[in-house]
Amino acid sequence: MGLGVLEPKTSQHVPGTSFIIDDASRPPLDQDSYLKYDRSGPVPILLVPQPSDDPNDPLNWPRWKRDIILVILSTVSVIASTLSPLLAANTVTLSLFFRRDFTQTALLTGYHLCAVGAAGFIFVASARIWGKRHLYLLGTILIIVSSAWGGAVGTNFTSLLWARVVQGVGLAPFEALVNASVGDLYYLHERGTRMALSNLALFGGAFFTPVLVGKITHTIGWEWSFYLVAIFAGALLPLIFFFVPETAFDRPINPYLEAVENGTSNRPMEEDQHFPTTTTTNLISDKNRPDPSNPTSFEKHDYDTKTDTTPPSSTLPPPKVTFAQSLLPFNGRKSNANFFKLALRPFPLFFHPAVLWACLIQGTLIGWTVMIGVVLAAIFLGPPLWFSEVETGYMYTGPFVGAVIGFIISGLLADWSTKFMIKRNKGVYEPEFRIVLVAAQLVFGCVGLYGFGITAQDVGRYGWFVPDMFFAFEVAGMVMGAVSSALYIVDAH
């Protein structure tokens, strides 16, 4: 495997590991003629996952259609992600309004986050069996209803608490599934920047919210921070309904791809063999393909999804679904697995090294970010600075800028560093190459956390700018870690 990635103890192929065919040490195999390539650039790149011949396969959709879907999901994610920090600038204001202490008011965010986590177990299992579209629709509807409810509670603190819980349930599909939809819609070599975009939508929206909420509260009342979320989510619901079809697809693996990545056979498949259903992650570039200046197309995008030699097949692809059919919330089961087993599967997966690593990489800095958001109002609303809720809201300008910086760095480094390491590794791609980005997370995250802790305990000496700058560093590191871990998990599994 090379570059510090350990070899497996068995001869079984490791998902995600792949070989560059143009490496001089490995000549092309006969199976290469049955594979599909991206010929839009000077060097053809093997499409991974291999798209099927089904016109309903999302990988066969035009790129502009897939990009529109991602933009809509990212836009709704911006609105959904405002829910968690919605009260960050208003904690003290709400404590006075409802006559509750600071801890009780902070629980409005705590129970909300618990609901996000609990609902995630159910929604991920549901997405695995029935797809993601119905969950995006359900989540948007719950956000609309619960936000209108939250703004109309009057002086009923308990009612507001339950509205926040339902808001957490509505947020869960976007927190848990948008990154998975990036894996559904794009080939491996396209995911880096787009994964960074989806994470920017989730984190950038979360940190820009308090900047607006403080001003909204001061001008027209805290209730309108809820009402405006309901209004914008309601405006986006038709876009979800009409332009975000189901992205989950039960795609058969191309057996010729397995032969190429294993490099063990030159024999084509027999006519009576069928494609098994599973998933793989590979990245193969081939300079020995036909002239890339004469590309072909399928569904009007830039990829050559027609094979040079048609592989044997005993079945015809199904007809393309109509627009009316694509509007249905369900279009069949995606898995025959038991729902309850899937819902409980995350618990043993916590002990899987890769999953545990991803949870720690994301969860640690996310947890510290939430902690900073909770205490920020208490630090700056009181002595010695005596900020108003408007000024406290403006303190989130720093973390928003940090989220944008994290997005830019992640987008620039995610794919570039992978391509660089593929060349250094003699044409072999490993999902572990995505982990390199956490080096930048370590630097930005530690600088941000230590710097904020030191300066926030003495704001009379350091003022407001220095803690806010370190908060930006911490958030930039959080975004980098989220992008790195999400790409690794998607590519490796």
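Is E190 buried or exposed, and what is its relative accessible area? E190 is buried, with a relative accessible area of 5%; buried stands for under 20% relative accessible area, exposed for over 50%, and partly exposed for values in between (1.4 Å probe, protein chains only). The structure is a predicted model, in which local features need pLDDT of at least 70 and side-chain atom pairs count only at pLDDT 80 or more, while totals for chains, interfaces and linings use all residues. Residues are numbered from 1 along each chain as its sequence is written, and side-chain values use heavy atoms, with hydrogens and water left out.

The protein chain has a mean pLDDT of 80, and 80% of the residues score at least 70; pLDDT is the predictor's confidence in each residue, on a scale from 0 to 100. The secondary structure comprises 17 helices and five strands, where helices (H or I, at least four residues) and strands (E, at least two) are DSSP runs numbered from the N terminus. A contact means heavy atoms within 4.5 Å. Where pLDDT is low, the predicted coordinates should not be read in detail.

Of the 493 residues of the protein chain, 51% count as buried. The chain exposes about 22,400 Å², of which carbon and sulfur atoms supply 67%; accessible areas come from the Shrake-Rupley method with a 1.4 Å probe, and for residues only the protein chains shown count as cover. Among contacts between residues at least 6 apart in sequence, 82% join residues at least 24 apart.

The structure holds four salt bridges, each defined as a side-chain nitrogen of Lys or Arg within 4 Å of a carboxyl oxygen of Asp or Glu. One of them pairs the side chains of R63 and E190 at 3.7 Å, N to O. This pair links distant parts of the chain, with R63 in helix α1 and E190 in the loop between α5 and α6, 127 residues apart. R63 is partly exposed, at a relative accessible area of 27%. E190 also meets R66 in a salt bridge of 3.3 Å, N to O. Because R66 lies in helix α1 and E190 in the loop between α5 and α6, this pair ties together parts that are 124 residues apart in sequence. R66 is buried at 0% relative accessibility.

A further salt bridge joins R194 and D67, whose closest N and O atoms are 3.1 Å apart. R194 lies in helix α6 and D67 in helix α1, so the pair connects parts that are 127 residues apart in sequence. R194 counts as buried at 19% relative accessibility, whereas D67 is partly exposed at 24%. Through shared partners, salt bridges join R63, R66 and E190 into one network.

Three buried positions in other helices were also examined. L160, in helix α5 (residues 157–185), has 0% relative accessibility and therefore counts as buried. Beyond its neighbours within four places in sequence, L160 is in contact with F98, L108, G150, V153, W222 and F226. The C-alpha atoms of L160 and S146 are 9.3 Å apart, for a sequence separation of 14 residues.

S410, in helix α14 (residues 397–424), is likewise buried, with a relative accessible area of 0%. The side chain of S410 reaches the backbone oxygen of G406 at 2.7 Å.

S126 is located in helix α3 (residues 102–130) and is buried at 8% relative accessibility. A polar contact of 2.8 Å joins the side chains of S126 and H134; such a contact is a pair of N or O atoms within 3.5 Å, where within protein one must be able to donate a hydrogen and the other to accept it, and residues adjacent in sequence count only if both atoms are side-chain atoms. Not counting residues up to four places away, S126 touches G131, H134, L135 and F339.

On the surface, W64, I68, L239, F241, F242, F243 and F323 form a nonpolar patch with about 700 Å² of accessible area together. Patches are made of residues with over 30% relative accessible area and no salt bridge, like charges being joined within 9 Å and nonpolar side chains (Val, Leu, Ile, Met, Phe, Trp, Tyr) within 5 Å. Helices α1 (63–81) and α7 (223–243) each supply at least two residues of the patch, and α7 gives the most, with four. F241, found in helix α7, counts as partly exposed at 31% relative accessibility.
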